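I opened my notebook today to walk through a new protein model. Please keep the picture in view while you read along.

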Amino acid sequence: MAQAKISAKAHEGRFCRSSSMADRSSRLLESLDQLELRVEALRDAATAVEQEKEILLEMIHSIQNSQDMRQISDGEREELNLTANRLMGRTLTVEVSVETIRNPQQEESLKHATKIIDEVVSKFLDDVGTAKSHLMSLYSACSSEVPSGPVDQKFQSIVIGCALEDQKKIKRRLETLLRNIDNSDKAIRLLEHSKGPGPKALQNMDSKLN
């Protein structure tokens, strides 16, 4: 009888310990789940800061090359450029890095995609028009919308092999490059316009006046 009571108490103790351990494990798991949400929120916030930095640098650069900057006095332009350079310098002091976890295949896909973009960028000076068309086909390969132009199918398959975060970064880089090309084209046209009519046009005007 006594032996039966001892066995019952021992069994009850094991049950209590087991139940307590299960509760503790459940609480720890719940805490980790909550921390995981905060970790992802931290990564999202850091990524947003990265993007904001890129946007600010692009806006400062755009202002420095705007038409308005060409239509003010040299003294005012110099003063505004000093301010713009100061802002750019302060922006560059912000260092944020969000590392993406990749498997070997994703690492290789990212290197391949980056190499393709770099090769197109290196050809800007030789032929801007062709380089822009190529960039647009690369961008279309990253877009989830129906493309309005040709799609680089090979590049698309490479990007699909990249990590999701890298896919977003690749698309963002292509968007920035295309905007910079458009801004450069506008700046060149504005510069040509500000110079007035070319020599041939002046000759035609002179012949008409004579």
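Predicted model: local features only at pLDDT ≥ 70, side-chain atom pairs only at ≥ 80, totals over all residues.

Is D74 buried or exposed? I looked it up: D74 is exposed, because its relative accessible area is 58% and anything over 50% counts as exposed.

**Entry: the partner of D74**
I followed the side chain of D74 and found that it meets R77 in a salt bridge, at 2.7 Å from N to O. Both residues sit in helix α3 (residues 74-92), and because they are 3 residues apart, about one helical turn separates them. R77 has a relative accessible area of 22%, so I noted it as partly exposed.

**Entry: the whole chain**
Next I stepped back to see the overall plan. I counted 8 helices and 0 strands, and from the N terminus the order reads α-α-α-α-α-α-α-α. The protein has 210 residues, and 20% of them are buried.

**Entry: salt bridges across the chain**
The count of salt bridges came to 7. I picked out the one between R172 and E54, with 3.6 Å between N and O. This pair ties together distant parts of the chain, since R172 belongs to helix α7 (residues 164-194) and E54 to helix α1, 118 residues apart. Which of the two is buried? R172 is, with a relative accessible area of 16%, while E54 is partly exposed at 38%.

I then turned to R173, which forms a salt bridge with D118, the closest N and O atoms being 2.7 Å apart. R173 is partly exposed at 31% relative accessible area, and D118 is partly exposed at 37%.

I also wrote down a network of salt bridges that links R102, E107 and D166.

**Entry: along helix α1**
What kind of surface patch do E30, D33, E36, E40 and D44 form? I found that they form a negative one. E40 is in helix α1, which covers residues 2-64, and its relative accessibility of 39% makes it partly exposed.

Further on, I55, L56 and M59 make a nonpolar surface patch of about 250 Å². M59 lies in helix α1 and is partly exposed, with 49% relative accessibility.

My last stop here was S62, also placed in helix α1. S62 is partly exposed, at 34% relative accessible area. I checked S62 against N183: they are 121 residues apart in sequence, yet their C-alpha atoms are 7.3 Å apart in space.

**Entry: the two faces of α6**
Where do the buried residues of helix α6 (residues 153-160) point? I listed F155, I158 and V159 as buried. They lie on the same side of α6, because they cover an arc of only 95 degrees around the axis. On the face turned away from that buried side I found the exposed residues Q153 and I160.

Terms used
Residues numbered from 1 in each chain as written. Heavy atoms only, no water. Patch = residues over 30% accessible without salt bridge, like charges linked within 9 Å, V, L, I, M, F, W, Y side chains within 5 Å. Areas by Shrake-Rupley, 256 points an atom, 1.4 Å probe, with all protein chains shown as cover. Salt bridge = Lys/Arg side-chain N within 4 Å of Asp/Glu carboxyl O. Lys, Arg positive; Asp, Glu negative; His and termini not counted. Charge placed at Lys NZ, Arg CZ, Asp CG, Glu CD. Helix = DSSP H or I, 4+ residues; strand = E, 2+ residues; numbered from the N terminus. Buried < 20%, exposed > 50% of the residue type's maximum accessible area, 1.4 Å probe, protein only. Arc of directions from axis to C-beta.
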